[in-house]
Amino acid sequence: MPAMTPEDIDAARSLASARWEEWFPIEQPDATLASWDPPLYVRGLGLVASFHLYAPTTYKGPHAQLVVVPAARIDAAADALDELKATLDRARAAGLVAAFGDDLKDTLKLAAAEPRPGLFAPDEATVARRAAALAEMEARFDAVAARMREVYGLRLPRYMATFAALWRSLDDVERKGAERLGRGPGGIMLWFEDDGLARRTLRDLDPRLECRFRCDPPELVTVMWGDSDGLHYGLWYDDPADPPTCVAHNYARDSAETWRDEPPTPLAVLAALAHERLHDPYNDEPPSLWVYAFAEAVAWFSDADAAALALDPPAARWRSAPRIPTIGTFGPALPEGAGSLRVGDPHARLKVYREQPQRARAWIAAALRDCALGQPAAALTFGLDLHWLDRDDTRADALELLVCAYEALGRRAHAETIKVHYAHRDLASVGVYAPPESPEPPE
């Protein structure tokens, strides 16, 4: 048999994609057979697709990933697809519920697409693609880092080039795995894209507003999106003079609290998420094959990520520095001599803000006096509390407290970010960049 060529694979995928659009979903009153995405090619297996048979009221039913065109039949993909079409027609005629059992592969007469050791081991072409992406993003790093300093006044860590290279390198299967994990690049990652540094904002809005939700603290700079409730991940800068201390995440459309992530880089966060998905003992459904592919891609970049982290590690002075948890955050690190406050429990402070406004006003006045004397801890804490509470009657107080605190701490970049945020906090969208195809930003 002649060797399979990339053209053979592309032709088979194109044919399958056209058929999928015609065939699915198959809807009947008591069941639906869906295969939402056209098949993708997996080296060593062939064209693979996901299937779901479910009841229209509960959406429950069996799932399976199956090989619809084996690798050995790629050059005869039309014949394999015709056989599948005949099977689907028989199932439709018999009734989906009657035709199918719990094992979709038996009814569809297809082999299961199961993970095995080495299935997604990179071949020479994959290694070359990833190495080229890494070299390209590392070459772009200095320009992106300069833009970060210009816009935010912050130091961009070198591991963000590795993170950008991962996304640059993904093939269709790996990208589908990232979708299954519900993660994708966001925020400042736009600057690593082709012509990303040339992108303009709508109405000349400040770029610091991109992906900055109402309750985001200025320490957080978004680099990755999640898939629900406004989930976004960002670099956490305790001090603008230093590299980020950690990665943090926030569900903006849920509680809008900011939580610290244990893995030290965004790529390491992805590695942990993929491992959790692939080894979840409480999930009855087998993980998607696509997630295995994405996890392998992430693992390939882990050495470069670790080397970049070693060049821009978190500042040692913030590892054990005191933090006062605020309402909505784990609390920025504070230097020695920054002061303290008597009510350290954020829940107790929340009760006062809501039920004892006069006492709260006394706290604010005292915090501003302490800040003027070089002890900004209370001003920073109360300011972030009120920032998260997001009440109209304390908005001006929150801004005054935060600007005072950040300037007293020498964190002027954060003070400038919070000023911009408050000037535009009621924007209808956190997407402030014009589409790349627009030659001029619309008015």
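User: Are Trp-236 and Phe-330 buried or exposed?

Analyst: This is a predicted model. In it, Trp-236 and Phe-330 are both buried.

User: How is a pair of aromatic rings described?

Analyst: Two quantities describe such a pair, the distance of the centres and the angle of the planes. The whole structure holds 14 aromatic pairs. In one of them, the ring centres of Tyr-152 and Trp-191 are 6.4 Å apart with the planes at 65°, so this pair is edge-to-face.

User: Where do Tyr-152 and Trp-191 lie in the chain?

Analyst: Tyr-152 belongs to helix α5 (residues 124-152), and Trp-191 to the loop between β7 (184-185) and β8 (220-225). The pair links distant parts of the chain, 39 residues apart. Both Tyr-152 and Trp-191 are buried.

User: What is the geometry of the pair formed by Trp-236 and Phe-330?

Analyst: Trp-236 and Phe-330 form a tilted pair, at 4.4 Å centre to centre and 45° between the planes. Trp-236 is in strand β9 (residues 231-236) and Phe-330 in the loop between α10 (302-311) and α11 (346-355), so the pair ties together parts 94 residues apart in sequence.

User: Which residues form one aromatic cluster?

Analyst: The cluster consists of Trp-20, Trp-23, Phe-24 and Phe-51.

User: Which ring does the charged end of Arg-411 sit over?

Analyst: The charged end of Arg-411 is placed over the ring of Trp-318, 5.1 Å from its centre. Arg-425, in turn, lies over the face of Tyr-422, at 4.8 Å from the ring centre.

Notes
Residues are numbered from 1 along each chain as its sequence is written. This is a predicted model: local features need pLDDT of at least 70, side-chain atom pairs count only at pLDDT 80 or more; totals for chains, interfaces and linings use all residues. Side-chain values use heavy atoms; hydrogens and water are left out. Rings of Phe, Tyr and Trp (its six-membered ring) pair if their centres lie within 6.5 Å; planes under 30 degrees apart count as stacked, over 60 as edge-to-face and the rest as tilted. Helices (H or I, at least four residues) and strands (E, at least two) are DSSP runs, numbered from the N terminus. Buried means under 20% relative accessible area, exposed over 50%, partly exposed in between (1.4 Å probe, protein chains only). A charge sits over a ring if NZ of Lys or CZ of Arg is within 6 Å of the ring centre and within 35 degrees of the ring normal.
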